[in-house]
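Colleague: Before I use any of the labels on this model, I would like to hear what stands behind them. Please go through them one by one.

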Amino acid sequence: MNTSLFELFKIGIGPSSSHTVGPMRAALRFVHQLESQGLLEHTASVNVDLYGSLALTGIGHGTDRAVLLGLLGEAPDKIDPATIDAKLAEVRSSGRLNLAGNHIIPFTERQNLHLRRDQMYPAADVVSHPNGMRFTAFDANNVTIADEVYYSIGGGFIVSEAERTSETKSSTRKVPYPFRSAEELLATAKQHNLTIAELMLANESALRNTPDAEQQVRAGIFSIWQTMQACTQRGIETEGILPGGLNVRRRAPRLARRLETEGSRDPLAPMDWVTVWAMAVNEVNAAGGRVVTAPTNGAAGVIPAIGHYYLRFCEGTAQEKQEGIIRYFLTAAAIGILYKENASISGAEVGCQGEVGVACSMAAGGLVAALNGTNAQVEHAAEIAMEHNLGMTCDPIGGLVQIPCIERNGMGAVKAINAARMSMHETGGHKLSLDQIIATMYQTGLDMQSRYKETSLAGLALNIIEC
C-alpha cells in the first residue's frame with residue numbers, strides 16, 4: 001500500500017484532475033525545484049511543452065490555465081477559485097509572469113506554451129504516456145539550466161521522468177496491515193477480525209504516527225466530506241451557463257427545486273436526488289470551482305452523491321450516521337487504492353471506466369460498509385459496479401468535462417446504489433472477484449483505441465456537432 005486516503009481524495013479545482021490539477025502541481029513542483037537549486041533568479045525564460053491528450057484536450061480542460069497558475073506558485077488546494085481569472089488576465093495582458101511569485105520573466109502562450117497535438121512523450125524507444133509534459137528553464141544566454149518531464153497519471157497524481165523509469169520503485173509505506181490485492185485485503189481483515197474500514201483506519205493512523213493520529217484521520221475525513229457538501233450546495237444554488245462555448249445550462253438547481261416541491265409524491269425521488277447531487281458537483285467542476293478528486297475530478301460527483309443518499313435516506317441516528325460516513329470513506333479509499341495501484345484511474349490511459357467506473361465501484365463498496373455490510377459484501381458490490389462499467393470510453397465533446405461527463409456521474413451514482421443493494425441481498429458467493437475485474441478493466445483500457453481515451457477525436461466528440 002503506497003497510497004493514502006488523503007492522496008486519493010484531494011481538494012483541488014476543476015475541471016479535470018489529470019488535465020488541470022496534475023499539470024498545475026507539475027508546474028508548481030518545477031518552480032519549487034528552481035527555488036531549491038538556487039536557479040530561480042537565473043531564469044530568464046520558461047518553455048512548456050504539452051503532449052498527447054494534454055495537448056488535444058488541454059484547452060477545454062484548462063491545462064493552459066493550470067500551467068500558468070502553477071508557474072505563478074499557486075497550489076490547487078490553496079488557490080481561491082474566485083481569483084483565478086484576474087491572475088491569468090494579468091499574465092496575458094502584460095506578457096509577464098511572476099515565477100513562483102518571486103521572479104518576473106517574459107511569458108506569452110504563443111511563444112512559451114506549446115501544444116504538441118501530434119506527439120506523445122517520450123520517444124518511440126520508450127513506452128509513451130498520453131499525459132506527458134516538459135518544463136524547460138533558460139538563462140539570459142538562452143542556455144538550458146533546468147529541464148524536467150512529468151506525467152499526469154490520473155486523479156491529480158504526477159510522476160517525474162526519473163520516478164517513472166526508475167528500476168527501484170518507491171518502498172512501500174510501513175503500515176500494520178499492508179495489502180496489494182482485494183484477496184489479500186479480505187484475508188488480512190479476516191485474520192485480524194477487522195472490517196475493511198477498521199483496517200484502513202489503522203493504516204492511515206500509522207502513516208501519521210502521532211499520539212492523536214486516529215482523531216486526525218477522522219477529522220481529515222470530515223474535512224473532505226464538508227468540502228464535498230459545500231460543493232454540492234454551491235452546485236444546487238448556482239444558475240447559469242457553463243463556460244467553454246457549448247452553452248450547457250446548469251440543471252441541478254432546477255431539478256432540486258422540482259424535487260423540493262414534487263418529490264414527496266414520487267417513490268423514486270431518492271434516486272432523482274442522487275442524480276441532482278452528482279450533477280451539482282460536476283457542474284461546479286465544469287466551471288472550474290472547488291471540488292474533491294474522488295478519485296478524479298471528472299468523476300467527482302459519485303462519492304458525494306452516495307454520501308448524501310446515505311445521510312438522507314438510510315436509517316440511523318445522527319451519531320450512527322457520522323460513524324457510517326467514516327466507514328464509507330475509509331472503505332471507498334481501500335477500493336480506490338486497489339485500482340490506483342493495480343490498474344489506472346486516468347481517463348487518458350483507460351477511458352472513463354477508470355474514472356466514473358472506479359468512482360462507482362468505490363461508492364458501492366463504501367455504501368455497503370456504511371450500512372454495516374460484511375467485508376465480502378463490500379468486495380462483491382465493488383466488483384458488480386465495475387463489471388457494468390467495463391469498456392466505457394472517454395470522449396468529451398469539445399474537450400470539456402460537460403457532455404457526457406456531468407450526466408455520467410448521475411448514472412454512476414445510481415449504479416453504485418444498485419450494486420450495493422444487489423450484494424447485500426445475495427446470500428451465496430459470486431463467480432468473479434474484484435481482483436479479476438480490476439485486471440480486466442486495465443486490460444480493456446490498454447486495448448481501447450487511443451481515440452476513445454480523452455482525445456476528443458472519436459465517439460461523441462466526433463459525431464456531435466458543437467453548438
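What follows is a set of questions about labels and the values behind them.

Modeller: This is a predicted model, in which local features need pLDDT of at least 70 and side-chain atom pairs count only at pLDDT 80 or more, while totals for chains, interfaces and linings use all residues. Residues are numbered from 1 along each chain as its sequence is written, and side-chain values use heavy atoms, with hydrogens and water left out.

Colleague: Why is Gln353 called buried?

Modeller: Buried means under 20% relative accessible area, exposed means over 50%, and partly exposed lies in between (1.4 Å probe, protein chains only). Gln353 has 0% relative accessibility, so Gln353 counts as buried.

Colleague: Where does Gln353 lie, and what is Gln353 in contact with?

Modeller: Gln353 is in the loop between helix H16 (347-350) and helix H17 (356-370). Helices (H or I, at least four residues) and strands (E, at least two) are DSSP runs, numbered from the N terminus. Contact means heavy atoms within 4.5 Å. Leaving aside neighbours within four places in sequence, the contacts of Gln353 include Val358, Met386, Leu390, Met441 and Met448.

Colleague: What makes Asp49 and Arg116 a salt bridge?

Modeller: A salt bridge is a side-chain nitrogen of Lys or Arg within 4 Å of a carboxyl oxygen of Asp or Glu. The closest N and O atoms of Asp49 and Arg116 are 2.8 Å apart, and the two form a salt bridge. This pair links distant parts of the chain, with Asp49 in strand S2 (residues 45-51) and Arg116 in strand S5 (residues 113-116), 67 residues apart. Asp49 is buried because its relative accessibility is 9%, whereas Arg116, at 30%, is partly exposed.

Colleague: How many salt bridges are there by this rule?

Modeller: The count comes to 14 salt bridges.

Colleague: How do you know that Arg92 and Asp64 meet in a salt bridge?

Modeller: Their side chains are 3.5 Å apart, N to O, and meet in a salt bridge. Arg92 lies in helix H6 (residues 84-94) and Asp64 in helix H5 (residues 63-71), so the pair ties together parts that are 28 residues apart in sequence. Arg92 has a relative accessible area of 39% and is therefore partly exposed; Asp64, at 10%, counts as buried. Asp64, Arg92 and Glu109 are linked in a network of salt bridges.

Colleague: What is the N to O value for Asp272 and Arg258?

Modeller: The side chains of Asp272 and Arg258 meet in a salt bridge at 3.6 Å, N to O. Asp272 sits in helix H13 (residues 269-286) and Arg258 in helix H12 (residues 252-262), 14 residues apart. Asp272 counts as partly exposed because its relative accessibility is 26%. Arg258 is partly exposed too, at 33%.

Colleague: Why is Leu460 called partly exposed?

Modeller: Leu460 has a relative accessible area of 31%, so Leu460 is partly exposed. Leu460 is in helix H21 (residues 460-463).

Colleague: How do you know that S3 and S4 are paired?

Modeller: Two strands pair if DSSP finds at least two bridges between them. Four bridges join strand S3 (residues 96-99) to S4, and the strands run antiparallel. Arg96 stands opposite Pro106 in S4. S3 and S4 form a hairpin with three residues between them, and Ala100 in the turn has a positive phi of about 60°.
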